[in-house]
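Please open the model in your viewer and keep the selection panel at hand. The stops below go from the whole chain to single residues.

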Amino acid sequence: MKRLKELYAQLSQIGGQRIILLLGGAGLCLILLSTVLPERDEKVKEYPAEQTLSQTDADYGAQLEAQLGVILAKLSGVGRAEVMITLEDTGTQIYAEEIAEELGEQRHRTENSYVLLGGGSDQSALLESVKQPQVSGVVILCEGGDSSIVREQVIRAASVACSVPTTQIFVGTLTD
């Protein structure tokens, strides 16, 4: 505070009031100019959520198939394996919500609304989490599929890896 008083005293000795008035006028001109100039289009960093999610869903099934095929081929007696996985759905997208509650003596009101990002027409809901699609069935063809012991091992491995019941898994013999 003491420094401000010293600065003010120095400015008033050298005609500081004029300088202060000029700076204030320049500030007002800049404010007025900013309302006249067109706004700069500053966008929030965009992530094309729909494209990314659908691409991820398609890749998710292919990735599961490839990983399961590699693991199964390492089991004793399986040999080469080809895997097909059927997905039950396309996954679930969960968006962030704001919950406003109003409590009264006789009333209880709850209002839910999505958290929005961006401004104007570029608003989009905040994606909180994505649940991967559920596997509904697995078909495995392998060179050792004619052996009941190998078939049992393959069914157990696929059941654990894909979190599906053994009744949803088919194992057959791979022929060339």
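**Before selecting anything**

This is a predicted model, in which local features need pLDDT of at least 70 and side-chain atom pairs count only at pLDDT 80 or more, while totals for chains, interfaces and linings use all residues. Residues are numbered from 1 along each chain as its sequence is written, and side-chain values use heavy atoms, with hydrogens and water left out.

**The whole chain**

Colour the chain by pLDDT, the predictor's confidence in each residue from 0 to 100; the average is 78, and 78% of the residues score at least 70. Select residues 41-53, where pLDDT stays under 50 and the model has 5 contacts (heavy atoms within 4.5 Å) beyond four places in sequence.

Switch to a cartoon view, and you will find 4 helices and 9 strands, taken as DSSP runs (helices H or I, at least four residues; strands E, at least two) and numbered from the N terminus. Their order from the N terminus is α-α-α-β-β-β-β-β-β-β-β-α-β. Among contacts with a separation of 6 or more, 65% join residues 24 or more positions apart.

**The largest nonpolar core**

Next, select Leu68, Leu72, Ile85, Val138, Ile140, Val154 and Ile169, which touch the most other members of the 19-residue largest nonpolar core. Such a core is a set of buried Ala, Val, Leu, Ile, Met, Phe, Trp, Tyr and Cys residues joined through side-chain atoms within 4.5 Å; buried means under 20% relative accessible area, exposed over 50%, and partly exposed in between (1.4 Å probe, protein chains only). Two or more residues come from each of helix H3 (49-74), strand E1 (81-87), strand E8 (135-142), helix H4 (148-162) and strand E9 (169-173), and H4 gives the most, with 5 residues.

Centre the view on Ile140, whose contacts beyond four places in sequence include Leu68, Leu72, Val154, Ala158 and Ile169.

**Ser159 in helix H4**

Move on to Ser159 in helix H4. Is Ser159 buried or exposed? Ser159 counts as buried because its relative accessibility is 16%. Beyond four places in sequence, Ser159 touches Val164, Pro165, Thr166 and Ile169.

Finally, select Val139 in strand E8, which counts as partly exposed because its relative accessibility is 31%.
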